[in-house]
Amino acid sequence: MPETPPAIVLVGVNHASASLAVREALSLSAGQLEDLYNRLARTEGVTGAVVLGTCNRIEIYAAVTAHADTAMAQLESLLSVVTTYPVEPLREVSYGAAGLDALRHLYRVAAGLDSQMVGETEILGQVKTAYRQAEERKLLNKPLHRLFQKTFQAAKWARTHTGISDGQVSIGNVAVELAQRIFGDLDPAKTLVIGSGEVGRDVAKAFASRGIRAMAIAGRTAERARILADETGGRIVPFEEWPRTLPHWDIVICATSAQHVLIGKDAVAAAVRRRPARPLFLIDLAVPRDIEAGAGDLPNVYLYNFADLARIANENLHRRQTAVEACRHALDERAVSLWHTIGPGREPPPPASADRRPLPGSIGG
Amino acid sequence: MEPDRLLMLIGALVYTCAAALTLASLARRRPPPHQVVFGLVLIGFGIQSTGLHLRGVSVGGCPIGNTFEVLQFISWSVILVYVFTGAVYRVTILGAVSASLAAALALTSAAVPAWDATRRTNLFGGNVWVETHAALAFLSYGIFGLLAATSALFLLQNYSLKKKRWPSRLRFLPSVVQLEAINLRLLAVGYAVFTVALGIAFVYLIIHPSAVFPTKLLSTVFLWIAYGVVLVLRMRQSLFGRRLAWVNAVLFLFALVTLWSVEASRKDHAPEPPAAQAAPVRLPGRS
């Protein structure tokens, strides 16, 4: 009698199924990940496993020879033991799937459809890292290897052929994308942040994360300015001195709570005259505005306020949401197609028990 | 249809495919497939080069003897510049822009069959200096053509950023700073090539003043001065950005119009080619 090929099962928790506190408790340190892999390798009936751990999810994909429900219970127990999180509360927030449902879920995760920020691209790198870690520990058997390789192809296809990653959807990233359309490489762009309000901080951090080397913070509240400077690797410019330095900067982010205009059109014109061929990108996140609206009419000056950035972010988000359904449908078709090739002639996998928590977003349906 | 003309038109169609592929990608908000576009441009360039070579063999010199040939040669020059400089700029969209411009010029050249009805053989009478002057002059026109196209890209990017329109469609365009840098380089290189071409013509003019059309002389010198002034103003940062882009586009249109008028006046005057003159033309330094 031929040996039954292993089934693929999945157990996990993510941002949709568990609170941040639970996810923090279940997050795996390097030592715990090693421990989990060692235990998976020793578990009877588990012929291969990949552990995907990100800030928003922990999932175990395993090739098993046991019944799906039994295997899923085993995986939950292992996760509970390794993280010392009680198994019963874990089962309340975990989800599981087997066979085609698990495959569909992995496709959606890798493509960013299951991410908190739909369409984000970082997740694919994290899935690839998980794949490599399993490979290094020789826990990547043939079905899992094939499954993940096909997943990478499907995720890449989704990014290239659908609009799920189109445009930025956060104010900070929208501002960064606009800056890239003006300056191209942002490394040499000199950036001044005036004020240290919450939105300004987010935008400043988005710029800092893109490798801007010369950033300065000018804030009325010295302590908040210092904190933001520490977070962004910037330096402090005394608040009373920044107007004198205006011609020096390529990007100026304003986010103060001032009740009057801080940068008038004349001041911008004077600054531009001293660096005529170099563009100036002004980002006004303050309400009421910090920068006189007419400054945007000057040549080589690009002025965006909070409403402009929000409108672009919302348009991008709307476009992504429209693309998500089409992408989900296309990925499902690919998953079914793969399932027919890796499990032809086999009985469909036993469905997860009725009392098992369904996959978030009723993916399993 | 003769093989040379057919090949040049096929080349233009391949350029059109490259441009259309890029436009389709941008319309779908996808990054243009750089390698495919570059491959198509190379294929089109090879086909067009073969066509021009065949024409050159049949007319006994650089094929710039009628309007069809001139436009084809400028189109070819645009792609030549892109093939040798495109990689330096690392700007994906430049290939599509070059292909679009080359296709537009090449297809325009074929739009009026009369432009290719008369062919002048042995146009330069075997004078390599005159031929070099003409080839370099049209090469510089090609560079200025590419400059006009990248200037149009600048205007599009600038308009989109200023008016806050089409942010997602135009995010694959080169940045404003990149386009400024590209435009300055193209302006400098084009002007240098143009200057060399005119330098050769100037020496030739001293020896054979009657061999040059006044219309051509005036319009070419005007163009040389105009591009020179633009370059100096740009270097002094007195002309840049949107105004510079408009000036580049208008100057190239002027160059095309003067080219057409020169061609027309040449037909009216029906000049004798230098070879028909009593003595062979010799330029200083020529062995």
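**Figure 1. Chain B, a run of helices in a predicted model.** From the N terminus on, the elements of chain B read α-α-α-α-α-α-α-α. That comes to eight helices and zero strands. The model shown here and in the other views is a predicted one. Chain B has 287 residues, and 42% of them count as buried. Take the contacts in chain B between residues at least 6 apart in sequence: 81% of these join residues at least 24 apart.

**Figure 2. Helix 5 of chain B against helix 6 of chain B.** How do these two helices of chain B sit relative to each other? The axes of helix 5 and helix 6 of chain B come within 8 Å and cross at roughly 160 degrees. An angle over 145 degrees counts as roughly antiparallel, so that is the label helix 5 and helix 6 of chain B get. The crossing of helix 5 of chain B with helix 6 of chain B is left-handed. As for what sits in this contact between helix 5 and helix 6 of chain B, the tally is 24 nonpolar residues, nine polar and no charged.

**Figure 3. A look at B:Thr108 in helix 4 of chain B.** Helix 4 of chain B covers residues 92–111, and B:Thr108 is part of it. Is B:Thr108 buried or partly exposed? There are 17 other C-beta atoms within 10 Å of B:Thr108, so this residue is partly exposed; being buried would take 20 or more.

**Figure 4. Where chain B meets chain A.** This contact draws 19 residues from chain B and 20 residues from chain A. On the chain B side, helix 5 (128–163), helix 6 (176–207) and helix 8 (241–269) each put in at least two residues. Which helix gives the largest share of the side of chain B that touches chain A? Helix 6 of chain B does, with four residues. Sorted by type, the residues on the side of chain B that touches chain A come out as six nonpolar, six polar and seven charged.

**Figure 5. Chain A, with helices and strands.** Chain A has 13 helices and 10 strands. Its C-alpha trace spans about 85 × 40 × 35 Å along the principal axes. Of the 365 residues in chain A, 47% are buried. For contacts in chain A between residues at least 6 apart in sequence, 74% join residues at least 24 apart.

**Figure 6. Helix 5 of chain A crossing helix 13 of chain A.** Helix 5 (residues 100–111) and helix 13 (residues 306–342) of chain A have axes that come within 9 Å and cross at roughly 135 degrees. On the helix 5 side of chain A, the residues making the contact include A:Leu103, A:Tyr107 and A:Ala111. On the helix 13 side of chain A, they include A:Leu331, A:Ala335 and A:Trp339. Arginines take part too, among them A:Arg104 and A:Arg108 of helix 5 and A:Arg328 and A:Arg334 of helix 13 of chain A. The residues of this contact between helix 5 and helix 13 of chain A split into 10 nonpolar, no polar and five charged.

**Figure 7. The two sides of helix 10 of chain A.** Helix 10 of chain A (residues 222–232) has A:Ala225, A:Leu228, A:Ala229 and A:Thr232 as its buried residues. Why do they end up on the same side of helix 10 of chain A? They cover an arc of only 105 degrees around the axis, which puts them there. These buried residues of helix 10 of chain A pack against strand 5 (190–194), helix 9 (198–209), strand 6 (214–218) and strand 7 (235–236) of chain A. On the face of helix 10 of chain A turned away from the buried side, look for the exposed A:Glu223 and A:Asp230. Just after helix 10 of chain A comes A:Gly233, with a positive phi of about 70 degrees.

**Figure 8. Helix 12 of chain A and the strands it packs on.** The buried residues of helix 12 (residues 265–273) of chain A are A:Val268, A:Ala271 and A:Val272. Down the axis of helix 12 of chain A, these buried residues fall within an arc of 95 degrees, so they line one face of the helix. Their packing partners are strand 9 (280–284) and strand 10 (301–305) of chain A. Over on the other side of helix 12 of chain A, A:Asp266 and A:Arg273 are exposed.

Key
Residues numbered from 1 in each chain as written. Chains lettered and ligands numbered in written order. Predicted model: local features only at pLDDT ≥ 70, side-chain atom pairs only at ≥ 80, totals over all residues. Axes fitted to C-alpha atoms, helices over the stretch in contact; angles between N-to-C directions. Contact = placed C-beta atoms within 7 Å. Nonpolar A, V, L, I, M, F, W, Y, C, P; charged D, E, K, R; others polar. Buried ≥ 20, exposed ≤ 12 C-beta atoms within 10 Å, placed from the backbone. Arc of directions from axis to C-beta. Parallel < 35°, antiparallel > 145°, perpendicular 65-115°, else oblique. Left-handed = near helix turned anticlockwise from the far one by under 90°.
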